[in-house]
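Let's take a walk through this structure together.

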Amino acid sequence: MSDVRSHLKSLERSKRSLTDPDRPRTFSMMGREWDLLDEVFAPVHSPSTGIALDFLGLTGTDSQTRSPSLLEIGCGAGVIAVQAALAGWTAVAADINENAVENTRLNAERHAVADRVTALHSDLFDALDDGARFDRIFWSSNYVLAPADYTYQSVHERAYVDAGYRTHRRYLEQAVHHLTDTGSVLLHFCERGDMDGLEKIAGECGRELRVLRRRTVLEGQDPIEHTLLEVLPGPLTEAERGSRTGARVAASGARHRAQRERVGVRPEKDRPVHA
Ligand SMILES: C[S@@+](CC[C@H](N)C(=O)[O-])C[C@H]1O[C@@H](n2cnc3c(N)ncnc32)[C@H](O)[C@@H]1O
């Protein structure tokens, strides 16, 4: 396995971020100050939070005319959920790390959107009501694959690696059950992860993955490609796979275009691949 995908390297990154003597108590991002609690994923030590904001169209300061409901899995310090709320969305922000949940509450209060952000301690969807439905479900994931028998040394490591992709498998299986009729499930993945392994799991769960956006950034010496994936509830039918002129294909294309517009992203072909 290349260094880029090494779980040991990612665990080193996790440890460095936790033990950095200069790890800040607050940080600046998107022109705002944010609290950062112990054991919480530090957006200042990774480009992924900024990329996720870009993928979701949340880098501007304007309110959006539509106000979708967002379920953010793995909210960390809460930057994405709070930025979404500042743009007019309502957000449920869930994390398996209790400090992250508290951190998200603090940042929602700091930026006066506590009425639109509900922070929830939850292992993926476990703490949600069965009937909870959202327009968008998003996870900027711990995309690095660790061996299935890996034992986490801290909750912070769960921000970096996923043992045996067990959490990814549950996300692919379960997220679609919490969507509104026109909602979409999104996953921020990265070439540090095992894309082939993820595709295989998606197939086993009866899901299809579609690339909406790609962005490559330099991480140290390595150009690393980040990807916004949409998780679709099932594989395309034979008819959809066939002629691109068929009515079903047209309907499917319209559905996927509409989904991309709701997410506020341009289709991959319309964007530069590199940052
Ligand atoms: C890469 S971090 C992203 C944090 C934040 N969204 C950001 O962009 O700054 C991944 C997050 O997923 C959370 N996570 C990992 N496994 C989880 C699970 N089973 N349920 C909920 N959250 C989980 C981690 O605790 C971590 O906060």
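What follows goes from model confidence to the ligand, then to a helix and some paired strands.

Keep in mind that this is a predicted model. The protein chain has a mean pLDDT of 87, with 82% of its residues at 70 or more. Residues 243-275 are a stretch to treat with care: pLDDT stays under 50 there, and the model has 39 contacts beyond four places in sequence for them. Where pLDDT is low, the predicted coordinates should not be read in detail.

Now turn to the ligand. There are 24 residues around the ligand, and Thr49, Gly74, Gly76, Ile96 and Ala159 come nearest. Two or more residues of this shell come from each of α2 (48-55), α3 (79-86) and β4 (90-95), with α2 giving the most, three residues.

Next, find Lys9 in helix α1, which spans residues 7-19. Is Lys9 buried, exposed or partly exposed? Lys9 has 16 other C-beta atoms within 10 Å, so it counts as partly exposed. Its C-alpha atom is separated by 10.0 Å from that of Tyr160, a residue 151 places away along the chain.

Finally, look at strand β11 (residues 222-232), which pairs with β9 (residues 179-190) in the antiparallel sense over six bridges. Here Phe189 has Thr227 of β11 as its bridge partner. Strand β10 (residues 208-219) also pairs with β11 in the antiparallel sense, over eleven bridges, and Val217 stands opposite Ile224 in β11. The hairpin of β10 and β11 has two residues between the strands, and Gly220 takes a positive phi near 65 degrees there.

Methods. Residues are numbered from 1 along each chain as its sequence is written. This is a predicted model: local features need pLDDT of at least 70, side-chain atom pairs count only at pLDDT 80 or more; totals for chains, interfaces and linings use all residues. A residue is near a molecule or strand if its C-beta atom, placed from the backbone, lies within 6 Å of it. Helices (H or I, at least four residues) and strands (E, at least two) are DSSP runs, numbered from the N terminus. A residue is buried if 20 or more other C-beta atoms lie within 10 Å of its own, exposed if 12 or fewer, and partly exposed in between; C-beta atoms are placed from the backbone. pLDDT is the predictor's confidence in each residue, from 0 to 100. Two residues are in contact if their C-beta atoms, placed from the backbone, lie within 7 Å. Two strands pair if DSSP finds at least two bridges between them.
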